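Welcome! Please take a look at the structure below, and then we can walk through a few of its features together.

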Amino acid sequence: MQGDPPSTDIIRVFPNKTSTTFATISGIVSDIDFDAARDMYVAVFDRGMILKINSNGEINTFVTGLNNPGRLAFSKSGDLFVLESRNGNVLKITPEGEITTFATGFGDITTGSLYGGLAVDSMENVFVGSMGWNNTVYEIFPNRTVTTFASGVSDEGYWDYGDITVCSNGEIFATEAGRGRLFKVVPEEITLFAIGLTNDAHSITCSSSGELFIGRSGSIVRISAR
């Protein structure tokens, strides 16, 4: 971030590891994701909005009036799911910008039980991961039924602002930023997959080839998920 008021640069990194600034956003960017047309959607946390940026870098407002949007994830059908970090609501937004509340009750700012991870699998099940003291990954089915997928993400009782991702084979991975650890999550079983991801491993995504890309402060780490 830079400037006053704060702004955030979105950096494009090429396969040859060179990079360039793709866009500069006024506000604090908490997450980005792409739709099937490869347009970018940007959650601006402090401004309560989501922006849409096309491949030419043209920026348009997609929706406004959100409560601190944190994570974004597109479903296979093209709906955008958004996690409102401050109140723990999961929103569902159609490609036309129609907003509905998909699920509620995932966070309480007074207890520190906020939520930092969101992912959608190929069956359009939504996964929400904690960044508070309960160390739980929840699964929300398309009919909005909520179940506990796995608990105990961190053995010290605190998952420090982590993120989750679902690979094409259904495997789920979760980062623990504070201690730089990576976990593999299956129903009711969590295993330590990698350590040493220092400098705040906040964000994670899984490529179509099964590689994990983890964003840290000032760098990106690539790890094979196989």
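Is Asp39 buried or exposed? This is a predicted model, and in it Asp39 has a relative accessible area of 15%. Buried means under 20%, so Asp39 counts as buried.

## Around Asp39

To find Asp39 in the viewer, go to the loop between β3 (29-34) and β4 (40-44). Once its neighbours within four places in sequence are set aside, Asp39 still has several contacts: Asp33 and Phe34, together with Lys52, Ile53, Asn54 and Ser55.

## The disulfide

Next, the cysteines. Searching the whole structure turns up one disulfide. Its partners are Cys167 and Cys206, with an S to S distance of 2.2 Å. This pair links distant parts of the chain, 39 residues apart: Cys167 sits in the loop between β15 (164-166) and β16 (172-176), while Cys206 belongs to strand β19 (residues 203-206).

If you like to check torsions, the value about the S-S bond is 105°, and the link between Cys167 and Cys206 is right-handed. Both Cys167 and Cys206 are buried.

## A nonpolar patch on the surface

Finally, let us turn to the surface. A nonpolar patch there is formed by Ile11, Val13, Phe213 and Ile220, which together have about 350 Å² of accessible area.

One of these residues, Val13, lies in strand β1 (residues 7-13).

Note on methods: Residues numbered from 1 in each chain as written. Predicted model: local features only at pLDDT ≥ 70, side-chain atom pairs only at ≥ 80, totals over all residues. Heavy atoms only, no water. Helix = DSSP H or I, 4+ residues; strand = E, 2+ residues; numbered from the N terminus. Buried < 20%, exposed > 50% of the residue type's maximum accessible area, 1.4 Å probe, protein only. Contact = heavy atoms within 4.5 Å. Disulfide = S-S within 2.5 Å. Patch = residues over 30% accessible without salt bridge, like charges linked within 9 Å, V, L, I, M, F, W, Y side chains within 5 Å. Areas by Shrake-Rupley, 256 points an atom, 1.4 Å probe, with all protein chains shown as cover. Salt bridge = Lys/Arg side-chain N within 4 Å of Asp/Glu carboxyl O.
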